[in-house]
Number of protein chains: 2
Amino acid sequence: MPSPTRPRILILGGGFAGAYTAYYLERLLGNRDDFDISLVNKENYFVFQPLLAEIISGNIGILDTVSPLRRLLKRTDLYVREIESIDMEKKTVTLSHGFRPRPHVLSYDHLVIALGSTTNFRGMAGLQEHALPFKNLADAIFLRNHLIHTLEEAAIETDPEFRRQLLTFVVAGGGFSGVEVAAELNDFVRRVATHYRSIHRNEIRVILVHSGKRILDRELAGPLSLYAQSILEKRGVEFRLNDRLRAATPDSAILNGGERIQTKTLISTVPSAPHPLVASLPLHGEKGRLKANLFTQVEGSTGIWTLGDCALIPDPSGSGFCPPTAQHAMRQAKITAHNIVASIRGEQLKPFAFKGLGKMGALGHRSAVVELLGRVKQSGFLAWVMWRTVYWWKLPGLDRKLKVGIAWALDLLIPPELVQLKLGDPQGVSQAHFEAGEAVFEQGDLGDRLYIILKGEAEVVRSDNGTNVVLARLVPGEYFGEMALLNQKTRGATVRCVTSMDVLAVRKGEFSSLVANLPDLRRSFEQVMQKRTLQTRDLLQQGGEKH
Amino acid sequence: MPSPTRPRILILGGGFAGAYTAYYLERLLGNRDDFDISLVNKENYFVFQPLLAEIISGNIGILDTVSPLRRLLKRTDLYVREIESIDMEKKTVTLSHGFRPRPHVLSYDHLVIALGSTTNFRGMAGLQEHALPFKNLADAIFLRNHLIHTLEEAAIETDPEFRRQLLTFVVAGGGFSGVEVAAELNDFVRRVATHYRSIHRNEIRVILVHSGKRILDRELAGPLSLYAQSILEKRGVEFRLNDRLRAATPDSAILNGGERIQTKTLISTVPSAPHPLVASLPLHGEKGRLKANLFTQVEGSTGIWTLGDCALIPDPSGSGFCPPTAQHAMRQAKITAHNIVASIRGEQLKPFAFKGLGKMGALGHRSAVVELLGRVKQSGFLAWVMWRTVYWWKLPGLDRKLKVGIAWALDLLIPPELVQLKLGDPQGVSQAHFEAGEAVFEQGDLGDRLYIILKGEAEVVRSDNGTNVVLARLVPGEYFGEMALLNQKTRGATVRCVTSMDVLAVRKGEFSSLVANLPDLRRSFEQVMQKRTLQTRDLLQQGGEKH
């Protein structure tokens, strides 16, 4: 039986906004068959964000807060790919390639843009390179493993200063996300430290940096946010208020006020930036987010819908736009699904009318803060029970409810997990940022990387019997550190930054492969090395003669 | 109160051999305090190998088969590092560096070498680059995620040939390890495929390659191994017997007999090789394993002990040496611990006398084979119950017993997990192997890598309107693929191997960073590109004139 081509609805993004749009579309499809649903997401799972921070402490298993999209959405075609581009004229979306380097093009009649927001550290010196984001599952797993790594290293470190650095943890951002991360991190490191005989609890420092005069000052009323702050303080969290992160290096977090905190662990939950693809579309927008009406249609377009964190939808509860929360995204999804189907079937559109239920934040170990409908304000254990109950109830699928329930129960019985997963090697070519006065490496270190200066200047200093000789001053475009790599030796000198400096670091293995197989590159390195060896000899002789 | 320096026992390796030596040493230490125990392992956990394959299917959680060493060994100093070198004269062991590039040196009075074995693909064309090992936790997690990735890609692939390739899975090695991997893999992909609407079960192929005339022929008596083979066959596993893997490329597994199986998933459980550090020691050994006497002392040395898979200890049950099994390693550990303490305290040494209990292998979904004390032979469901009971009982720690028990129970209730974790990006610089006739890339593909030829030759072929023109023949030391990277375009020609070929592949991002920041490299690439552009124009004109 020939049938007319069905309208194709294409959803970009599988967070609360995108996944729930597909879910409600499937429900509206019922036993009819008058449209197709496709969803593109870079992961094959939906992340239940509210429980993400619990992965840090291991209160729940590392997969307990995500659900396979295929299991939630049985009638949707799922494409697990990145999105390369959107062509609004041809009504197509191009996806990144899979195992084979061929693009994949999807066409649509209705396009739902639900791409959320990203963490964007660009423009902040060193954050891109040295701060950890906390946005998705991979971030949470990485952070957890990194924390265990710092404890393992601190346990065998004999230099007290470096040990202190390893045991200092800095979180930037005092909104819900930063507070939840700081609380879970603090609980976790203090709890598992008991398994490290050589680490004492009072060696551990967890520092929360926030630009406001108290944490959660934008989210909650005074008493609740003060309660949250006092709970964390009691559990050992330190605060740096009215200050913010200015820069990061491999060894420190540098605050606007000038303080330099020596640390190997810096997590930043700010700033949240628009998705680059969304910002690039020729559509009405503001600060990279798309403007939509109360029907979730993008202004000035037909067949383009948007919702969730990447959308600016008028807030029915007052002025301005809807806040980027899961409760708003889920309700926008229901409206979006209804309105798309209505416009296909020629029915009446419905406006978005949800006014928000309230706010909740967990503070770790059996406490939370809750503010409902502007009236109910709760803190402490009761708030924590409410928090767990609500989110457990909202978890999609019985299997997740079962798993999280069991994990929470087991958490009362058995000690916290401290397995460090080492997954994936560090990248062979990466960038690093240093501030003036910091050493990139010290004389005597093992040679593990070559560095190319992108910005800033450095000095090469050699110490012999207490005499320091400046061997060279390096400027952008020059490289250093190749000697120890080519000769398989330790560093012959210290390289110290004169200004703040950005470098490209190439790992030993990759450097050796390239130099061995690209003759031009090898010749170029050998020439520079020869020149430097001669210069060094001359300078050291002069230095020796002076004394 | 001054006390004499305590003897220091240093254990290298945290598998069954090393971890249980430390465990028994702690028991012998009792409430005395007359020696120190240290253990070096590259991970902070102990892997319970017998259950590793169950991670593939998700029967157990990804952390359920590993236990934190710190929790098992409360009086041992743990060093989570790689071992760089052993100096038997100075009695020191140098560890790799941690966050800072400084070596860490440990000294010992008694050294226990329990480093196990490694997977070594060297010398087999393309295996190092394209075959997946199955040895440790990271391998198991990687394989599981890779399997889900192939299913996600197959679900949206429209080319039937490539789809078939994605849904073909090859396991090389028909010993216990290979059979368990094939069984779990087969169960898993067939079970989760039901969640992929576009994939049919009969599209899936799982192929087990084994050099013997039947699987498990070296491990089990005829009837049991035939039973195992028929069970797997019934569940859809195909066999290639009396054959072995000869080579691997990004697209295929190539067998000795000449068959080329198109696949994106090749797992090899053979060959197992000695640990490179052990093979390099100036001690009595054979094929890289250390020879020890029945007291587990390394022959011709004092204070050096060895056990487990890296040791050759006479087999008390007959001729030859002990097999590399967990049951032997655990009993050797008990003897080693006793003998070290005896030699410190001046007591009598004990010889190793364990003769082995039997063999067990799981065959996936509720069946197994068991052979005990050479008499009891069991197969099927009862054997599977025995298998689970024994290994559950052997799991170290109540918390693991609890977790694995719950996971097994949940497995009966909820559908299998199909979350694909994407952890860590692929390496920026890697090697690849191709066989004659294979294409490295095709004209029109997206340009994602530059290639440098290490060995072999290739042709650059351009097709225009059905005419093929060979633009160039490339030899070792030459590179190709740079044009599409520098000009941000698709591939302008196909590169096809004339002989078998090894290349170094550099990812676009890393290539761009290096070229942008190393002026000599940029100049060299630009010169070659200019020359090639001219050559190509000439050749295409000639080609055009001919027709």
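Reply: Chain A is divided into domain 1 (8–42 + 81–118 + 273–356), domain 2 (127–270 + 360–413) and domain 3 (429–546), with bounds that come from an automatic or database domain assignment. The model is predicted, so local features need pLDDT of at least 70 and side-chain atom pairs count only at pLDDT 80 or more, while totals for chains, interfaces and linings use all residues. Residues are numbered from 1 along each chain as its sequence is written, and chains are lettered from A and ligands numbered from 1 in the order in which they are written.

The part examined here is the side of domain 2 of chain A that touches domain 3 of chain A. The C-alpha centres of these two domains of chain A lie 38 Å apart. Eight residues of domain 2 of chain A are in contact with six residues of domain 3 of chain A; contact requires that the C-beta atoms of two residues, placed from the backbone, lie within 7 Å.

On the domain 2 side, α4 (127–130) and β14 (245–249) of chain A each supply at least two residues. Helices (H or I, at least four residues) and strands (E, at least two) are DSSP runs, numbered from the N terminus. β14(A) gives the most to this side, with three residues. By class, the side has four nonpolar, two polar and two charged residues. Here Ala, Val, Leu, Ile, Met, Phe, Trp, Tyr, Cys and Pro count as nonpolar, Asp, Glu, Lys and Arg as charged, and the others, Gly among them, as polar.
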